[in-house]
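Here is my note on the model, as numbered points. Please read it with the structure open.

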Amino acid sequence: MSEKIQVWNPATGEIVNEVKINTKAEIDQALENGHRGFKAWANLDAHKRSNLLKQWSHVIQQHKQDIAEVMTLENGKPLKESLGEVDYATSYIDWYAEETVRIYGRTIPASSDSKRIVISRQPVGLVAAITPWNFPAAMMTRKAAPALAAGCSFIIKPAEETPLTTMRFVDLAHEAGIPADVIQYVNGYGTDVGPLFTASNYVRKITFTGSTPVGKTLIRDSADTVKHVTMELGGHAPLIVAADADLDIAVKQTILSKFRNAGQTCICANRVIVHESMVESYTAKLTEAIKHLKVGNGLEKDTDVGPIINEKGYDKIVSQVEDAIQKGAEVSIGNKFDANFENGTFFVYPTVLTHVSEAMAIMQEETFGPILPITSFSSIEEAVEIANRTPYGLAAYFFTNDYRVGSYLHDHLDYGIIGWNDGAPSGAHVPFGGMKESGIGREGGLEGIEPYLETKYLSIGNC
Ligand code: ADP
C-alpha cells in the first residue's frame, strides 16, 4: 500500500501535493495525545478558550486568499466559492467563540429543605471527526468550533481528496495558540482510520459528514463503546414550486441551491416538483438562466460551475442521466459532458430533464451533480407525498407567497431544513441537520454545541 495520498486538481489532473498516510501506531498515539490534551483544555477558563478561538478565526482570515486557492486546487470549486467558504467556515468559529462563555448550568428547587440541586454542563471528551471533500473548511469548523468551545479536544480525518485545506486550518489553530494536542489531524483512508476512531476508548464522540452507508457503519461501530454520535448524511432535496410562486425568485433560488459546488452538496435541490400550470414557464425561465452559467476551471475568472470531484462521482451522474433518458426523460438543456479519463478530469454541464418519473434512479437517489429533474403535481397534498417519498430528510425548498400553502408545507414536509422562498438556508447561527436517514443531531446555532456537552446532576444533602 502506498504510504502517501496524492492530492489531484480535478480541473487539470495535475498533482497538487501529497500527504503522508499515518500508521496505526501514529493514530493511536494521536488519540492518546488528544485524550491528554482534553484534560488541560477542559480546565482552561472559558474566556481564555473563547479568546483563542477568536484568534484562530483572525489568523485564518489573514490567509484567506491562499487558503481559498488551495481549496480550489484540491476541490475544483470556483475561487469565488472558495473565498466564500473561508468566510463561512470562520463564521462558525466566531459564533462558537461567543458561545464558549455562555455554557450555563442551572439549579432546581429540591424536594426537601435539606437538599440543594445543581446541574452543570461538561465537555464530552475527545471528539473524532470524519469529513467529506465538498466543503473541506466549513465541514471541519462546524464540528471543531463547538467542540473546542465546549472544552472538548478534537481530532480530524479529512477526506482523501481534500486534506490540504483542513490541514492548513489545524496548523493555523496551533499558530493562534490552541495547544497541539487539543486539535489534530491524521490522514488515511476512511476504511482504515474509521475503525481506529470507533474502537478507541479515548474517543467519546464521533462526528461525521458524508454518505448514509458510511454513517450507518460508524453508528454501528460506535455502539461497542457507547459513543455520542452526530451524523450529517445524504439528502435528496425536493424543491416545490407552487401555483402562485414568483417565478423569478424561484428560478434564481433554484440556481443558487443547485449549481453551487457543481451540485455536489448534500442540501442542493435534487428534484423539482412544479405545479402543473407552471411547468412550462418555470422550465423555460430556468433553461434560459442556465445558458449563462460558465463551466470550467475554478481558478479562471467567471467560472460558475467547476469539475466533478472524481470518476466515481462522474459515473454516477452519467448513469442517472442515461437511465432517465432511456426511460423517457426529455433534455431541456445540457446532457453535455467533457471527460478526460486519462487525466482524471470530469466536467458536467448544467442539465435540466423534464418528463421524469418515479421509476428513474434520479428521482430516488442523491445525484451530487448539476442535474435537475422536473416533475409536476396537481394538488399540494400530492406535492408533499412526492417530496416525502424518500428515506432522506435533510433539506426541502418551496416557493409560494400564499401563507396557507407555505404553512401546510412547513408542517408536513419531513425535513430538518426548510427554505421558504429561500435556496440558501445555511449559516453558523442556525441548526443544520436531517431527519430519517439523513442524520442524527444538528450543527450550528445553539443546538450545535449541545452534542459536545454532558449534563451532570449534583444532589447535595444535609444542607
Ligand atoms: P463520498 O463517497 O462522497 O466520498 P464518503 O461517505 O465515502 O462519501 O466519504 C466521506 C468521508 O468518510 C471521507 O473522509 C472518507 O474517507 C470517509 N470514509 C469512507 N469510508 C469510511 C468508513 N468505512 N469508515 C469511516 N470513514 C469512512
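1. The model is predicted.

2. UniProt lists residues 3-457 as "domain: Aldehyde dehydrogenase", in an unreviewed entry. An annotation of this sort may be inferred rather than shown by experiment. Over residues 3-457 the chain is 39% helix and 22% strand. The end C-alpha atoms of that range are 47 Å apart.

3. Helix α10, length. Does the span of α10 agree or disagree with 1.5 Å a residue? It agrees: the 12 residues of α10 (residues 279-290) should span 16 Å, and the end C-alpha atoms are 16 Å apart.

4. Helix α10, faces. Tyr282, Thr283, Leu286 and Ile290 are the buried residues of α10. They lie on the same side of the helix, because they cover an arc of only 95° around the axis. Glu280 and Glu288, on the other side of α10, are exposed.

5. Valine 186. This residue lies in the loop between β7 (183-185) and α7. Is valine 186 buried or exposed? It counts as buried, because it has 23 C-beta neighbours inside 10 Å and the cut-off for buried is 20 or more. Leaving aside neighbours within four places in sequence, valine 186 is in contact with Asn22, Ile27, Ala30, Ile155, Lys157 and Val193. Lysine 20 is 166 residues away from valine 186 in sequence, yet their C-alpha atoms are 9.0 Å apart.

6. Alanine 147. Helix α5 (residues 138-150) holds alanine 147. Alanine 147 is buried, since 32 other C-beta atoms lie within 10 Å. Residues up to four places away in sequence not counted, alanine 147 touches Val127, Cys152, Phe154 and Tyr452. Alanine 395 is 248 residues from alanine 147 along the chain, and their C-alpha atoms are separated by 24 Å.

7. Tyrosine 392. Strand β17 (residues 392-393) contains tyrosine 392. Tyrosine 392 counts as buried, because it has 26 C-beta neighbours inside 10 Å. Which residues does tyrosine 392 contact, leaving aside its neighbours within four places in sequence? They are Gly234, Gly235, His236, Gly434, Lys436, Glu437 and Ser438. Proline 307 is 85 residues from tyrosine 392 in sequence and 26 Å away in space, C-alpha to C-alpha.

8. Valine 118. Strand β4 (residues 116-123) is the place of valine 118. Valine 118 has 13 C-beta neighbours inside 10 Å, so it counts as partly exposed. Its contacts, leaving aside neighbours within four places in sequence, are Gly105, Thr107 and Leu458. Glycine 235 is 117 residues from valine 118 in sequence, and their C-alpha atoms are 41 Å apart.

9. Positive phi angles. Most residues other than glycine have a negative phi. Two residues deserve a check on this point. Valine 226 has a positive phi of about 45° although it is not a glycine. Valine 226 lies in the loop between α8 and β9 (228-232). With 8 C-beta neighbours inside 10 Å, valine 226 counts as exposed. Aspartate 302 also has a positive phi, near 80°. Aspartate 302 lies in the loop between α10 and α11 (311-326). Where does aspartate 302 stand, buried or exposed? It counts as exposed, because it has 8 C-beta neighbours inside 10 Å and the cut-off for exposed is 12 or fewer.

Notes: Residues numbered from 1 in each chain as written. Predicted model: local features only at pLDDT ≥ 70, side-chain atom pairs only at ≥ 80, totals over all residues. Helix = DSSP H or I, 4+ residues; strand = E, 2+ residues; numbered from the N terminus. Expected span 1.5 Å × (residues − 1). Arc of directions from axis to C-beta. Contact = placed C-beta atoms within 7 Å.
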